Amino acid sequence: MGQKRPLFYLPGGTKVLIAIATGLAAMARLKAAHQQLKEVATALSTTPEEVVAAASDLLAKNKALKKQLKAATKALMAQQAAQVLASGQQVNGVYIESAGDISVLAPLVLKGAGEETLLWAKLNGRLYFALISPAGQART
């Protein structure tokens, strides 16, 4: 499929090799790679020449949106913690969007809790809960 031959030597004796792929297998691989590039360009609504720049922009936007989502989730958890504390109830159903949300909410409630509190949430048919004890007795 290909040959490797030294093209030239760099100072210090390092060989620079070039691999040349020829034949039907090489052509099929190049066509498949070109088709993938066109599909990615179409998905990014750009030309094949601008795919790298468009992908970089998309990754930057994704990173910014993740930061915004994290801040919004934290604000939502703070609001829910305030509601739980204001209710004065020991058992509280809360809203979560992911399993990790309850572990973010529990410390916020713990900061203001005066008595043992149970937080529970149902997500995708599963029950998640957190036991909160200001005296540190949640495990017992």
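The model is predicted, with local features requiring pLDDT of at least 70 and side-chain atom pairs counting only at pLDDT 80 or more, while totals for chains, interfaces and linings use all residues. Residues are numbered from 1 along each chain as its sequence is written, and side-chain values use heavy atoms, leaving out hydrogens and water.

Helices (H or I, at least four residues) and strands (E, at least two) are DSSP runs, numbered from the N terminus; those treated here are tabulated.

| Element | Residues |
|---|---|
| Helix H2 | 51-87 |
| Strand S4 | 117-123 |
| Strand S5 | 126-132 |

Thr117 lies in S4 and counts as buried because its relative accessibility is 9%, where buried means under 20% relative accessible area with a 1.4 Å probe and protein chains only. The side chain of Thr117 reaches the backbone oxygen of Glu115 at 3.1 Å. Beyond its neighbours within four places in sequence, Thr117 is in contact (heavy atoms within 4.5 Å) with Val84, Gln89, Gln90, Asn92, Ala130, Leu131 and Ile132.

S4 and S5 run antiparallel and are joined by seven bridges, pairing of strands requiring at least two bridges found by DSSP. Thr117 stands opposite Ile132 of S5, and in the turn of this hairpin, which has two residues between the strands, Asn124 has a positive phi of about 55°.

Val84, a contact of Thr117, is among the buried residues of H2, together with Val51, Ala54, Met77, Gln80 and Ala81. S4 is included in what covers these buried residues, as are helix H1, strand S3 and helix H3. After H2 comes Gly88, with a positive phi near 70°.

How values were computed:
Buried means under 20% relative accessible area, exposed over 50%, partly exposed in between (1.4 Å probe, protein chains only). A polar contact is a pair of N or O atoms within 3.5 Å; within protein, one must be able to donate a hydrogen and the other to accept it, and residues adjacent in sequence count only if both atoms are side-chain atoms. The expected span of a helix is 1.5 Å times one less than its number of residues.
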